[in-house]
Amino acid sequence: MKRAPGFVLWLTGLSGAGKTTLARRLLDVLAEARPAEILDGDQIRAVLCAELGFSRKDRDTNVGRIAFVARLLARQGVVVLVAAISPYREARAQARAAIEASGCPFIEVFVNASIDCLTRRDPKGLYKRALDGELPNFTGVSDPYEAPEAPDVVVQTDRESIAASAETILQALRARGLLAQLDAAGSEDAHD
Ligand code: ADX
C-alpha cells in the first residue's frame, strides 16, 4: 500500500529556547491525525549518540543521524518533530536535502530567543557554567550558532507564549497544505 508521506518539522535554536516544549505541544495536536514522533537532541544523545560530544564533527554526526531516522519515519507517513540545536547551516541543509529527496517536506523552524533571556532563565544552570568557563564549547556562549538565513518559520519564544509560537507553526503548516493532508488522513481513518 502506498502511504502519503509524512513531513519533518525541524526545530533549531539555542539550548533552553523552547524546542522540546514546542515539539511536545505540537505532538499533542498533530498526533491526533497521523502517527507522529519527536526526535529530541537530549534523548537521542542518551541513546543513539551516546559517544558523541560537542565538537563540530560530533554535532554534525548527531544531526546526520537524526536526519537519517527522520527520513525513514517521514517516508512511512510519520510526522517527525525534530528538536535539536543543530547549530551549523551546512548540516541542516544536508538534512533538508536528504529528506526532500525522499519526497517529504522539510520545514525549518527557527526557535529564537535572546542570549540575555536564556541566561536569565537558565533552568539547567548550563549558561552560568558556560559563562563561568566551566563548560567549553557551549552553543551561543563559547561555540557558534549559525542562525537560519531563510527559515520557513520563525518563532520568538522570549517575547511570546509557547501557545502563540505553536499556533504560528501550525499556521505555517496549514498554509503549506500539510494540515489539510493530516485532516484528510484523519477523516479517512474515521470512515474505515
Ligand atoms: S547539537 O548541537 O548536536 O544539535 P543537541 O540538541 O543534540 O545539540 O544537544 C544539546 C543539549 O545538550 C543541550 O540542550 C544541553 O542540555 C546539552 N549540552 C551539554 N553540553 C553542551 C554544549 N557544550 N553545547 C550545547 N549543548 C550542550
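**Sheet, helices and a buried asparagine**

Tutor: Asn-62 is buried, with a relative accessible area of 5%. Buried means under 20% relative accessible area (1.4 Å probe, protein chains only). This is a predicted model: local features need pLDDT of at least 70, side-chain atom pairs count only at pLDDT 80 or more, and totals for chains, interfaces and linings use all residues. Residues are numbered from 1 along each chain as its sequence is written, and side-chain values use heavy atoms, without hydrogens or water.

Student: Which helix does Asn-62 lie in?

Tutor: Helix α3, residues 56–74. Helices (H or I, at least four residues) and strands (E, at least two) are DSSP runs, numbered from the N terminus.

Student: And what is Asn-62 in contact with, leaving aside neighbours within four places in sequence?

Tutor: Ile-44, Arg-45, Cys-49 and Leu-52. Contact means heavy atoms within 4.5 Å.

Student: Which strands does α3 lie across?

Tutor: β1, β2 and β3. It runs at about 155° to β1. Axes are lines fitted to C-alpha atoms, for helices over the stretch in contact, and angles run from 0 to 180 degrees between N-to-C directions.

Student: OK, the sheet. What order do the strands have?

Tutor: β2-β3-β1-β4-β5, in an open sheet of five strands with parallel pairing. Two strands pair if DSSP finds at least two bridges between them.

Student: Which strands stand at the edges?

Tutor: β2 and β5 (153–156). Each has a single partner strand, so one side of each is left without a neighbour in the sheet. The twist averages 20° from one strand to the next.

Student: How many bridges join β1 to β4?

Tutor: Five, between residues 7–12 and 106–112, running parallel. Leu-11 stands opposite Val-109 in β4.

Student: New topic. At what angle do the axes of α1 and α7 cross?

Tutor: Roughly 55°, and they come within 10 Å. Helix α1 is residues 19–30 and helix α7 is residues 162–175. The two are therefore oblique to each other. Angles under 35 degrees count as roughly parallel, over 145 as roughly antiparallel, 65 to 115 as roughly perpendicular and the rest as oblique.

Student: Which residues in α1 meet α7?

Tutor: Thr-21, Leu-22, Arg-25, Leu-26, Val-29 and Leu-30. Their partners in α7 include Ile-169 and Leu-173.

Notes: Buried < 20%, exposed > 50% of the residue type's maximum accessible area, 1.4 Å probe, protein only.
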